[in-house]
Amino acid sequence: MAKLYSRTRWDNEEVTAWIFLTPALIFLGVFLLYPIAYLFYLSFTAGSFTSSGIKWIGLRNYWRLLVTPDFWQVLGNTAYFTIATVIPSLIIPLGLAVLLNRSISLRGLLRSAYFLPSITSLVAAGLGFRWLFQTEGAVNGLLNVFGFTPISWLSSTVWAMPVLILLSIWKQIGFNMVVFLAGLQAIPPSRYEAAELDGANGWQQFRHITIPGLRPTIVFAAITTAIFTLRSFEQVYVITGGGPLNTTNLLVYYIYGEAFGQFDFGYAAAAATVLLAIAFILVYLQLQTWEEDT
């Protein structure tokens with residue numbers, strides 16, 4: 001009798017759980033799983049969005065990706081942009097978090113000031129950076145003051161990408177700083193007290209206590225920053241438009257151009273599938289790292 005009662009109670013709890021989960025699962029299926037499945041299907045087709053205009057062509061779009069030099073250039077641009085953004089976006093916020101985790105004057109004001117870029121519209125920030133780095137902009141004006149030759153930042157194949165990278169770093173610093181602050185506050189103060197009693201200096205404490213204690217946080221910040229950079233679109237759209245000579249064209253902007261500029265939706269879907277696969281790999285690596293730490 002007790003077993004029957006226990007089983008009935010468990011069945012009722014299971015039914016209740018499914019009732020509460022169903023709306024979320026429907027929402028997830030409609031707005032996430034179905035678009036991903038349709039994207040994957042579209043990558044094997046050519047034609048328009050309408051079912052009557054779609055023609056199944058198999059793996060031809062993926063073969064086009066392999067033999068298209070522009071795609072490989074864009075992929076290289078994206079890799080360069082991602083690496084050059086992620087590394088400073090971890091080092092700078094980590095240093096700021098360590099500094100602002102101490103009892104210093106104006107700590108709250110400084111935290112708010114550094115976090116402000118994270119809630120600033122990326123389009124507005126992009127317009128501001130475009131004004132700063134244009135030929136007659138404030139940056140070149142400052143270079144003139146110190147006797148340096150002005151640089152054509154946005155029309156240079158060398159300097160246009162660093163402008164986008166600088167904007168992305170500026171945008172990401174505040175979020176990562178807050179993430180690191182939360183991680184620092186989770187490290188027991190007794191570890192630092194014991195290290196001080198053993199005669200460890202500040203660098204040794206940072207190396208042997210702070211960094212190991214922040215390892216899961218660093219992995220999380222690295223993955224989220226990498227995904228943020230992989231899906232970058234506004235910077236390119238507002239500041240450079242992918243130029244000059246395709247040197248600032250990133251993968252999302254390339255997909256946008258192929259889909260809504262060339263109306264080659266199947267080819268764009270194949271490129272988007274590659275981007276999705278890269279994002280899934282990054283998430284998988286994050287989960288694997290967390291499992292090793294637990």
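Biologist: In which helix does L33 lie?
Modeller: This is a predicted model. The helix that holds L33 covers residues 2-42. That helix is α1.

Biologist: Which residues make the nonpolar surface patch of about 570 Å²?
Modeller: L33 is one of them. Patch residues must have over 30% relative accessible area. The patch is made by W18, L21, L25, L28, L32 and L33.

Biologist: How many helices and strands does the protein chain have?
Modeller: Helix α1 has been named above. The strands come to 2. The helices come to 13.

Biologist: What is the volume of the largest pocket?
Modeller: Its lining has 13 residues. Among them, V98, N101, R102, Y192 and T210 lie nearest the centre. The volume of this pocket is about 360 Å³.

Biologist: Which element gives the most to the lining of the largest pocket?
Modeller: Elements that give two or more residues are α7 (160-185), α8 (189-197) and α9 (202-213). The top contribution is 4 residues. It comes from α9.

Biologist: How many residues in the lining of the largest pocket are nonpolar, polar and charged?
Modeller: Tyr and Val count as nonpolar, and Arg as charged. By class, the lining has 7 nonpolar, 5 polar and 1 charged residues.

Terms used. Residues are numbered from 1 along each chain as its sequence is written. This is a predicted model: local features need pLDDT of at least 70, side-chain atom pairs count only at pLDDT 80 or more; totals for chains, interfaces and linings use all residues. Side-chain values use heavy atoms; hydrogens and water are left out. On a 1 Å grid over the protein atoms alone, a cavity is a set of points where a 1.4 Å probe fits but cannot get out, and a pocket is an open set with protein on both sides within 12 Å along at least five of seven lines; lining residues have an atom within 4 Å of a point. Grid points are joined across faces, edges and corners, and a volume is the space filled by probe spheres set on the points. Patches are made of residues with over 30% relative accessible area and no salt bridge: like charges are joined within 9 Å, nonpolar side chains (Val, Leu, Ile, Met, Phe, Trp, Tyr) within 5 Å. Accessible areas come from the Shrake-Rupley method with a 1.4 Å probe; for residues, only the protein chains shown count as cover. A salt bridge is a side-chain nitrogen of Lys or Arg within 4 Å of a carboxyl oxygen of Asp or Glu.
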